[in-house]
Amino acid sequence: RIYVVGMGPGQENMMTQEAMQVLEASDVIIGYTVYLKLLGERFGCKELLSTPMRQERERCQMCFEKAREGKKVALICSGDAGIYGMASLMLEIGITAASSGAAVLGAPLNHDFCVISLSDLLTPWERIKKRLIAAAEGDFAMAIYNPSSHKRADYLERACRILMEHGVEPERACGYVENIGRDDTHAVTLTMAELVHTPVNMFTTVFIGNSQTKIIDGKLVTPRGYHI
């Protein structure tokens with residue numbers, strides 16, 4: 001089993017409880033040398049493996065080698081593993097599951113991205129439209145908040161059509177997650193052509209990939225550009 005763990009700034013009190021539990025349960029911790037040092041002495045009894053900067057792919061391969069030996073492995077990175085982190089590289093190389101947040105879908109926000117709310121209670125729709133157009137023209141991956149409500153049942157459809165009018169192709173990889181972090185979490189990957197006709201509720205977060213995003217074994221992955 002391999003875990004991809006975001007350390008945040010690195011201090012224990014800044015990590016999530018889940019991250020600490022995973023590190024405690026792991027037999028091997030793998031990461032960039034500086035990140036291992038940030039962990040301090042607490043995990044000194046673990047098998048600690050590192051590679052220098054720019055050897056991210058080798059780090060991931062080490063994880064697979066140790067996992068094949070039957071060990072629990074934690075691959076650490078600073079910040080959030082799914083935002084400019086290691087999650088997409090691990091998924092591209094072959095891991096088929098991820099842990100939390102946007103990673104319910106895989107690693108859709110692992111390159112430049114923006115967050116746009118479709119709620120026009122405080123932001124005029126014309127301004128939301130401008131932001132959607134800018135995101136499409138800038139080829140950003142997108143996380144769409146407040147995609148629908150009883151009074152705004154067609155807002156996601158409207159947003160999708162605006163994006164397609166400004167360069168987002170119908171086959172663009174997308175996804176959505178209902179009830180993130182709850183017992184009834186439900187995640188779906190699909191294309192933009194399918195998303196435009198998909199009804200969602202107010203407890204849904206929608207993810208729209210950039211032009212390089214793909215669906216790998218049912219996971220939504222935005223590559224960072226590593227040569228695989």
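Mentor: Start with a cut-off: a residue is called buried when its relative accessible area is under 20%. Bear in mind that this is a predicted model. In helix α6, residues 155–165, the buried residues are Y155, L156, A159, C160, I162 and L163.

Trainee: What makes the buried residues of α6 line one face of the helix?

Mentor: Look down the axis of α6: its buried residues fall within an arc of 160°, so they line one face. Among the elements covering those residues are α5 (125–137), β7, α7 (192–195) and β10 (204–208). After α6 comes G167, with a positive phi near 105°.

Trainee: Let's take β7, then. Why is M142 called buried?

Mentor: M142 has a relative accessible area of 1%. The limit is under 20%, so M142 counts as buried. M142 sits in strand β7, residues 141–145. Leaving out residues up to four places away in sequence, M142 touches L109, C114, A135, A136, L163, V206, F207 and I208.

Trainee: And Y32, why does that count as buried?

Mentor: Y32 comes out at 18% relative accessibility.

Trainee: How many aromatic pairs does the structure hold?

Mentor: Two aromatic pairs. In one, the ring centres of Y32 and Y35 are 5.3 Å apart and the planes are at 85°. Pairing asks for centres within 6.5 Å, and edge-to-face for planes over 60 degrees apart, so Y32 and Y35 form an edge-to-face pair.

Trainee: What makes the pair of W125 and Y155 tilted?

Mentor: Their centres are 4.9 Å apart, with 55° between the planes. Stacked means under 30 degrees and edge-to-face over 60, with the rest called tilted, so this pair is tilted. W125 lies in helix α5 and Y155 in helix α6, so the pair ties together parts 30 residues apart in sequence. Both W125 and Y155 are buried. The charged end of R158 sits over the ring of W125, 4.4 Å from its centre, and also over the ring of Y155, 4.7 Å from that centre.

How values were computed: Residues are numbered from 1 along each chain as its sequence is written. This is a predicted model: local features need pLDDT of at least 70, side-chain atom pairs count only at pLDDT 80 or more; totals for chains, interfaces and linings use all residues. Side-chain values use heavy atoms; hydrogens and water are left out. Helices (H or I, at least four residues) and strands (E, at least two) are DSSP runs, numbered from the N terminus. Buried means under 20% relative accessible area, exposed over 50%, partly exposed in between (1.4 Å probe, protein chains only). Contact means heavy atoms within 4.5 Å. The arc is that of the directions from the helix axis to the C-beta atoms. Rings of Phe, Tyr and Trp (its six-membered ring) pair if their centres lie within 6.5 Å; planes under 30 degrees apart count as stacked, over 60 as edge-to-face and the rest as tilted. A charge sits over a ring if NZ of Lys or CZ of Arg is within 6 Å of the ring centre and within 35 degrees of the ring normal.
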